[in-house]
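Thank you all for coming. I would like to walk you slowly through one structure this morning, so please bring it up on your screens.

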Amino acid sequence: MLPSRPAAGYFTLSNTSASERTLVGAETPACGELMLHRSVHQGGQDRMEMVSRVPMPAYGTVKFAPGGNHLMCLSPAADVAPGHAITVTLRFADGGTVDAVFAVRGAMAR
Ligand SMILES: [Cu+2]
């Protein structure tokens with residue numbers, strides 16, 4: 001991420017249950033607004049679009065990675081700085097939530 005610029009969150013979600021689960025949102029006080037996004041390559045241009053639901057098959061895995069799905073941290077708080085960690089609450093269609101800890105990295109870090 002870059003200071004006071006929107007930051008992207010990448011992760012891998014694993015569904016360890018026998019039924020499909022659908023990610024419908026994410027939130028953290030550290031980001032103001034946190035949105036589900038997808039990068040699309042269209043007409044020679046890269047752009048991002050909102051995603052309202054990300055289905056996860058039973059026992060399946062969904063990757064949030066550069067060039068694809070990601071979380072968009074619209075207004076990172078001052079403490080969203082490299083070396084810190086923020087807790088994000090992932091919300092599912094069945095009403096369940098999962099808290100996940102994200103490490104904050106600089107834009108050039110891998
Ligand atoms: Cu985005």
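This is a predicted model: local features need pLDDT of at least 70, side-chain atom pairs count only at pLDDT 80 or more; totals for chains, interfaces and linings use all residues.

Residues are numbered from 1 along each chain as its sequence is written, and side-chain values use heavy atoms, with hydrogens and water left out.

With that in hand, the overall picture can be described. The protein has 10 strands and 0 helices, so that reading along the sequence gives the pattern β-β-β-β-β-β-β-β-β-β. Along the principal axes, the C-alpha atoms fill a box of roughly 40 × 35 × 25 Å.

Buried residues account for 36% of the 110 residues, where buried means under 20% relative accessible area, exposed means over 50%, and partly exposed lies in between, with a 1.4 Å probe and protein chains only. If we take contacts, meaning heavy atoms within 4.5 Å, between residues at least 6 apart in sequence, then 66% of them join residues at least 24 apart.

Now to the sheets. In what order do the strands of the open sheet that contains β6 and β10 follow one another? The order is β6-β3-β9-β10, with antiparallel pairing, and the edge strands, each pairing on one side only, are β6 (54–56) and β10 (97–103). From one strand to the next the twist averages 40°, where the axes are lines fitted to C-alpha atoms and angles run from 0 to 180 degrees between N-to-C directions.

On one hand, 3 bridges join β3 to β6 in the antiparallel sense, with Arg21 standing opposite Met56 and Thr22 opposite Pro55. On the other hand, β3 pairs with β9 (residues 85–92), also antiparallel, over 4 bridges, and there the bridge partner of Leu23 is Phe92. Thr22 itself is buried, at 9% relative accessibility, and, leaving aside residues up to four places away in sequence, Thr22 touches Arg53, Val54, Pro55, Arg91, Phe92 and Ala93.

There is another open sheet of 4 strands, in the order β1-β8-β4-β5 and again antiparallel, whose edge strands are β1 (7–9) and β5 (45–50), each pairing on one side only. Within this sheet, β4 and β5 pair over 6 bridges, and Ser39 has Met48 in β5 as its bridge partner.

Which cysteines does a disulfide join in this model? The answer is Cys31 and Cys73, with an S to S distance of 2.0 Å, and this is the 1 disulfide found in a search of the whole structure, the criterion being a pair of cysteine sulfur atoms within 2.5 Å. The pair links distant parts of the chain, since Cys31 lies in the loop between β3 and β4 (34–42) and Cys73 lies in strand β8 (residues 69–73), 42 residues apart. The torsion about the S-S bond is about -100°, and so the disulfide is left-handed. Cys31 is buried, with a relative accessible area of 1%, and Cys73 is buried as well, at 5%.

Finally, let us look at the region around β7. Tyr59, in the loop between β6 and β7 (61–64), has a positive phi of about 55° although it is not a glycine; as background, most residues other than glycine have a negative phi. Is Tyr59 buried or exposed? Tyr59 is exposed, with a relative accessible area of 61%. Thr61, by contrast, is found in strand β7, where it touches Thr12, Leu13 and Ser14, not counting residues up to four places away in sequence.

Notes: Two strands pair if DSSP finds at least two bridges between them. Helices (H or I, at least four residues) and strands (E, at least two) are DSSP runs, numbered from the N terminus.
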